[in-house]
Every structure is written in structure tokens, then in C-alpha cells.
Amino acid sequence: MGSPPWFFRFSGAVVRWLLPLTIGLLLLGAAWGLLVAPPDFRQGNSYRIIYVHVPAAVVALAGYYVMAFAGAVSLIWRIKMADVTMRAVAPVGAVLTAVALVTGAIWGKPTWGTWWVWDARITSMLILLFLYLGVIALFEAYENKTAAARACAVLSLVGTVNIPIIYKSVDWWYALHQPASIKFTGESAIDSSMLHPLLLMIGAFYCLFALTVLLNMRAELVWNHREASWLKQMVRNV
Amino acid sequence: MYFASLSALWHMDGHGFYVWLSYAVTFLPVAIMLWLPIRRQRQHWQWIAAEQRRIDSRRAEAPGE
């Protein structure tokens, strides 16, 4: 797993089918949510923002686990690929968190009458954005890549304390943000005609996450191994 | 399709601005996020290939080195 030549070949094969699959699922999900799904009886058509807002937020949170896990692996086993993974996840997580926050603000205007409120869910998501940005900034701040990776790993592990707070925020402090509509146990608070495109879109965003992380890792690996014979061989054979 | 006409789809009973803006601020960063690493990798790849051509031509000019 930790071998760059193997990873480069394997990820190349995955990206080749994951790229068209991701774009296809995103377009299908967006078309379904915008054109086919019925409007909400209380919120009207503004609720269609859910099909980009919720998947972005869900995957931004899940991405943090991946980054923190890579951080732990990097600290414990000192595997270089874990550093590359951490560095590849951070910008993707930051973009998805920002998308969740901005689409949430746009959704808030017609629904709550305000763009922004210091609600627990929204504030903890803002902290998540700062954590991702902090990891990106730390990576850039160090000349020494190993020291940078170690600092980022510590920051991302400390930051995991924020994740359960985000999950539980809507139950602990009931403010403006509505509680979860999808439940793994029991009936979801959302009709299946609205739920199915949402689940599709969440799947599409997971594919998008995997794809962008792989693309970032590949770009980084090509540069890090520009002097390696296996990569020179590959470049020569193309 | 839920909407009766294209203009109904565009206006969405007054919510069109918010809905379309949300999709724009989602898909624009997503497209950039996909495009940037692909471009970066291609640039690195070309750099390595150019470097190799330079080495090869130097070898061809001075054989036996």
C-alpha cells in the first residue's frame, strides 16, 4: 500500500473510471433534485438547496475522519503516503465545508430570513473550516516536510473533538438549524421522492471526494518522485 | 419533470435566485477542484519528459561519456 509506484498505477486505473462516474452521478443527482423531485410543502422550492448543501456537509465531516486517521498513521508508523493523504484531503475538505456554509447561508435567507446566525451547528462547521485551513497553512509554513506533516497530524487529531460536537449540535442546542432528516434506525423525516435523489447526491459527493483526493495525491507524487527511476520509466513509456 | 415551463424552472416561485446561486457556488468550486490537480500533474509530467529529452540529447552529443 505504501509503495508509490504501486499506488500510482493503481490510482491511475481507478481514476479512469471514477472520473466519468462522478461527473455522471453529480449531473444525474442535480437534475433529479432540480427538475424531478416535488417541492417541499412548507419551504417550497428553496429546499432544493438540500441536494448540494447536505452532501457537501456530510462528506466534509467524513473527510475529516480520513485526514485525522492519516494523521494518526503518519505519527505512529511514519508512513510517507499518510502525509501525502493528509495533504491531499485538507483542500478538498476545506472546499466542501465552505460550500456547505455558503449554500447554508443562501438557504437561510428565504427560510429563516437571515444569511447568518451564530447557531451551534453553523458555528461548529465554521470551526471545521478553520481546522482544514489550519492544516493547509501548517503544511505551507514548514520548510521541512516531515516536521510539517507531524504538526498537521497533531492539529487534525486534536480537531477531531469538534466532529461529535457538529453531529450532536442540533440536538444539544436546539436553535435555527433543523435536526437530521435521515436516520439509520427508524423512519426518516423525509419522503422517499425527496430522499432518493438526496442519497444519490451523497453517493456522488463521496465519489467526488475519493476522486479529488486521488488526483491531488497523484499530482503530489509525480513531483516528489521526479528523480525516481520508476517514474522516469513511466514518462518514457507514454 | 415537475415544472411546467422553462421560466417556471428558472423562477421557482420566487426561490430561483437562491436555488440557482447555491448550485453555482457548489459546481464552480467542484469543477476547479477537479481541474487543478489534473493540470498540475500534467505540468509535472511534461517537466520530467523535457528534462529527460535534455539528458538524452546531451548523451547523443557526447557519446562515450
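**The model as a whole**

What you see is a predicted model. Its overall scores are ipTM 0.89 and pTM 0.92. Chain B has an average pLDDT of 90, and 95% of its residues score at least 70. Keep one reading tip in mind: where pLDDT is low, the predicted coordinates should not be read in detail.

| Helix | Residues in helix | Distance between end C-alpha atoms | Expected span |
|---|---|---|---|
| α5(A) | 15 residues | 21 Å | 21 Å |

Now look at which residues face inward. In α5(A), the buried residues are A:A149, A:C152, A:A153, A:S156 and A:G159. Because they cover an arc of only 130° around the axis, they sit on the same side of α5(A).

What covers the buried residues of α5(A)? The cover includes α2 (50-77), α3 (80-112), α4 (120-141) and α6 (162-172) of chain A.

Helix α4(A) has its own buried residues, among them A:R121, A:I122, A:M125 and A:Y132. Also buried in α4(A) are A:L128, A:L131, A:V135 and A:L138. The buried residues of α4(A) pack against α2, α3, α5 and α6 of chain A.

**A close look at A:M217**

Next, find A:M217 in helix α7 of chain A, which covers residues 192-224. Is A:M217 buried or exposed? A:M217 counts as buried because it has 22 C-beta neighbours inside 10 Å, and the cut-off for buried is 20 or more.

Which residues does A:M217 touch, leaving aside its neighbours within four places in sequence? They are A:S11, A:V84, A:T85 and A:A88. A:M81 is 136 residues away from A:M217 along the chain, yet their C-alpha atoms are separated by 8.7 Å.

**Where the chains meet**

Finally, the contact between the chains takes 35 residues from chain A and 26 residues from chain B. On the side of chain B that touches chain A, 18 residues are nonpolar, six are polar and two are charged.

Methods
Residues numbered from 1 in each chain as written. Chains lettered and ligands numbered in written order. Predicted model: local features only at pLDDT ≥ 70, side-chain atom pairs only at ≥ 80, totals over all residues. Helix = DSSP H or I, 4+ residues; strand = E, 2+ residues; numbered from the N terminus. Buried ≥ 20, exposed ≤ 12 C-beta atoms within 10 Å, placed from the backbone. Contact = placed C-beta atoms within 7 Å. Nonpolar A, V, L, I, M, F, W, Y, C, P; charged D, E, K, R; others polar. Expected span 1.5 Å × (residues − 1). Arc of directions from axis to C-beta. pLDDT = per-residue confidence, 0-100.
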